[in-house]
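User: I've got a structure open and some quick questions. Can you walk me through it?

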Amino acid sequence: LVNAIATQIGVTLIQAEAYANLQDLNEQLEALDRTRSNLVAITGHELRTPLSTIQVCLESLATEPDMSLELRQVMLSTALQDAERMRKLVQDFLTLSQLESGRIEWNLEPLDLSECVELALSHVRARNRGGNLPQIHNFINTEIPLIQADGEWLVEVLAKLLDNACKFTPVEGEVSIRVRSNNIDSLEVTISDTGRGIEPNRLETVFDRFYQEEGALRRSTGGTGLGLAICRQILKGWGGQIWAESEGKNQGSKFHFTVPIFLEKIPRQTQENQSS
Ligand code: ADP
């Protein structure tokens, strides 16, 4: 009888546990569904706004033949700007989805970080041709160990962080890039600026999709709010981390990320030779 009761208690406990797990799973699925709905709503909103502007501009151009040449130019360039914004949004959104799905095949290889930084800097300068940039100081020398990363994606991360640093720093300000050895197997890259800074309670939120400090700023800075989320996903792909640091408004910002050092494997034979 005791055995039977014990078995019954065991079965009841297993059932209760299974029920709790099922409830957990249900809650997780509901949370996932809420995230998906939010994402669809946000993406829809982000795309609808520039699309409406394009429509208004084109309608005015089509229906007002007496519009001044000056106003025509304004309408056209506004429509073009918003079309470009939509293109960037779709492109960034697709990149992020691709990264989040885990379907990217990383091409990890030994790389010279200073070369990657130079390449990223040339992209940033090319994108800002004609525009004034704050002074950029590159403190990375060539005597650092090789890193193990996917060069194309690493240059994306560097260029994005440098772009942001320049975007949120006045031309009289400064942007710097440094590297230090974090531990034996990774380097820590830091991009710092003397710009508008980040409130301490926003240091984590800036990595959320579509986070931008204020709506009005969006147009002037031309971003999509997806750049930092993309950087985090890329680095996560190789076990790297990224985080932000700032003392607050107008105190500048620092973005740090880690990247693994290339660890040369000593062939087995050589090890044996060395020990003999
Ligand atoms: P965006 O395309 O808007 O730049 P990001 O994901 O790159 O999108 O950045 C998200 C937000 O984080 C920015 O809109 C800005 O509010 C804040 N941010 C990013 N980098 C900096 C920086 N260097 N200084 C101050 N704020 C920053």
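User: Let's start with α4. Is it buried or exposed?
Analyst: Of the 17 residues of α4, 13 are buried, so the helix is largely enclosed by the rest of the structure. Buried means under 20% relative accessible area with a 1.4 Å probe, protein chains only. Helices here are DSSP runs of H or I, at least four residues, and strands are runs of E, at least two, numbered from the N terminus.

User: What should I know about the model itself?
Analyst: This is a predicted model: local features need pLDDT of at least 70, side-chain atom pairs count only at pLDDT 80 or more, and totals for chains, interfaces and linings use all residues. Residues are numbered from 1 along each chain as its sequence is written, and side-chain values use heavy atoms, without hydrogens and water.

User: OK, the ligand. Which residues come nearest?
Analyst: Asn 164, Lys 167, Gln 212, Thr 224 and Leu 228, out of 21 residues around the ligand. A residue counts as near if one of its heavy atoms lies within 4 Å.

User: What does Asn 164 do there? How far is its side chain from a ligand oxygen?
Analyst: An N or O atom in the Asn 164 side chain is 2.8 Å from an oxygen atom of the ligand. Arg 196 also has a polar side-chain atom 3.0 Å from a ligand oxygen.

User: And which element gives the largest share of the shell?
Analyst: That's α4, with four residues.

User: How does the shell divide into nonpolar, polar and charged?
Analyst: Eight nonpolar, eight polar and five charged.

Notes: Buried < 20%, exposed > 50% of the residue type's maximum accessible area, 1.4 Å probe, protein only. Polar contact = N/O pair within 3.5 Å; in protein donor to acceptor, adjacent residues only side chain to side chain. Nonpolar A, V, L, I, M, F, W, Y, C, P; charged D, E, K, R; others polar.
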